[in-house]
Amino acid sequence: MQIIQEISPSLYWVGASDRRLERFENLFPIPAGISYNSYLFTDTKTALLDTVDSSVTQQFLENVRQALGGRPLDYLVVNHMEPDHCANIEALVRLYPDVQVVGNKKTFLLFSQFYEMDIEQNKLLVKEGDEISLGVHTLKFFFAPMVHWPEVMLTCETSKGILFSADAFGTFGALNGNIFADQVEYERHFLGETRRYYANIIGKFGTQVQAAFAKLPIDSITMICPLHGPIWRENIPFIFEKYRLWSTYTPERRGVVIAYASMYGNTEAAVNKLALLLAQRGVRDIRMFDLSRTHISEVVGEVWENSHLVVASPTYNMHLYSGAANLLDDLSALGLRNRKVAIIGNHSWASAAQKSMEERVCSMKDCQVIASMDIKSTLKDEQLGELEALADAIAHSVE
Ligand code: FEO
């Protein structure tokens, strides 16, 4: 049974969703699943844009076969050579031996690293700005290195302004029949996951995202077809604005994320007191996470949204407790910039957490430690004034 949807005359969504996979990239929890999108033009020439993950191969191949209606496949455009999108290139070349596989030098280099098949006879090497006419439709290729891998291309269908955006504008979350963003309550059900996806997967490459967007005819784009998640055909400036903020490391809101690690509840008690002090000083909608319970990718998404971060952690093995170390190391690896951070260390017999956290934060570009304190095992009344001063500094900075 084919499960396909025409999204524009002679253009079909032929992808599929996976709701069984526990973790995307064997790393990120995806409780609402994930979609792998693929798109097929049935113009004078036929062209498929990207394939899907091996987990949904059977459905995908059935979709392509039905959508082609017995016609051959003329082009397979490979915008992204990561296995969640290219797992079916070999199968398609076997099914359609005359297909021209469209990619750049890096695409084919990666293909040869991942796969054994010789596709030399099928290769169609393109350069930046090259075009392929399908009849009514024309595909133009824009190289977008490091959005999210070095070979990534964005393909623009120029007659209608349809952008095939690879991982950009993608999100975690399966497609549940409503394959367009305007058919779902996007801000309620998808925006948080879109941000988590961006921050954790593309977040490191904000400069490259900006460079890629600078090449695109943004004003003429009428539809965005990403490789994961809903298709955009309305309110396109909304999602472009989100990407502008995220890729320039600009917080979306003045707000505080409190991320803490706590072994016996004493560091947790200190941040509970801090949260109350912040609320009393007018800070709204405080986000608080136990780093031993919440997956780090969730916290990273929250940090991308908010202007301020509080990290609290005990000293452990004369080092930083792993939950806090993992968060700060991950934020550093993702190239986080432009955040105000407050630090609360805790120790019983050797203080290391506070200094370690301060050093990590100071190594991140345009990130500043605005307040810092260390407590001894538990927060006592004599340190309440210090905590109030820390709350004052945060609240004043958030205003
Ligand atoms: Fe969805 Fe970078 O792969």
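Val209 touches Val147, Tyr198, Ile202, Tyr243 and Ser247, leaving aside residues up to four places away in sequence; contact here means heavy atoms within 4.5 Å. The residue belongs to helix α7 (residues 206-215), where helices (H or I, at least four residues) and strands (E, at least two) are DSSP runs numbered from the N terminus. With a relative accessible area of 1%, Val209 is buried; buried means under 20% relative accessible area, exposed over 50%, and partly exposed in between (1.4 Å probe, protein chains only). Val209 and Thr248 are 39 residues apart in sequence, yet their C-alpha atoms are 9.0 Å apart in space.

The model is predicted, so that local features need pLDDT of at least 70 and side-chain atom pairs count only at pLDDT 80 or more, whereas totals for chains, interfaces and linings use all residues. Residues are numbered from 1 along each chain as its sequence is written, and side-chain values use heavy atoms, with hydrogens and water left out.

Eight of its ten residues are buried, so α10 is largely enclosed by the rest of the structure. The buried residues include Ser297, Val299, Val300 and Trp304. Glu302, in helix α10 (residues 296-305), is also buried, with a relative accessible area of 19%. Beyond residues up to four places away in sequence, Glu302 touches Val257, Arg287 and Phe289.

The strands are arranged in sheets, two of which are described here. In one, seven strands form an open sheet in the order β1-β2-β7-β8-β9-β10-β11, with mixed pairing; two strands pair if DSSP finds at least two bridges between them. At the edges stand β1 (5-8) and β11 (123-125), each with a single partner strand, so one side of each has no neighbour in the sheet. The twist from one strand to the next averages 25 degrees. Within this sheet, β7 (residues 39-42) and β8 (residues 46-49) run antiparallel and are joined by four bridges; Thr42 has Thr46 in β8 as its bridge partner. Helix α1 (residues 57-68) lies across β7 and β8, running at about 15 degrees to β7. For such angles, axes are lines fitted to C-alpha atoms, for helices over the stretch in contact, and angles run from 0 to 180 degrees between N-to-C directions.

The other open sheet has five strands in the order β12-β13-β14-β15-β16, again with mixed pairing. Its edges are β12 (131-133) and β16 (223-225); each has a single partner strand, so one side of each is left without a neighbour in the sheet. Neighbouring strands are turned by 20 degrees against each other on average, direction ignored. Strand β12 pairs with β13 (residues 138-143) in the antiparallel sense over three bridges, and Ser133 stands opposite Thr138 in β13. Four residues lie between the strands of this hairpin, in which Gly135 takes a positive phi near 130 degrees. Five bridges then join β13 to β14 (residues 153-157), and these two strands run antiparallel; Leu139 stands opposite Glu157 in β14. By contrast, β15 (residues 162-164) and β16 run parallel and are joined by three bridges, with Ile162 opposite Met223 in β16.
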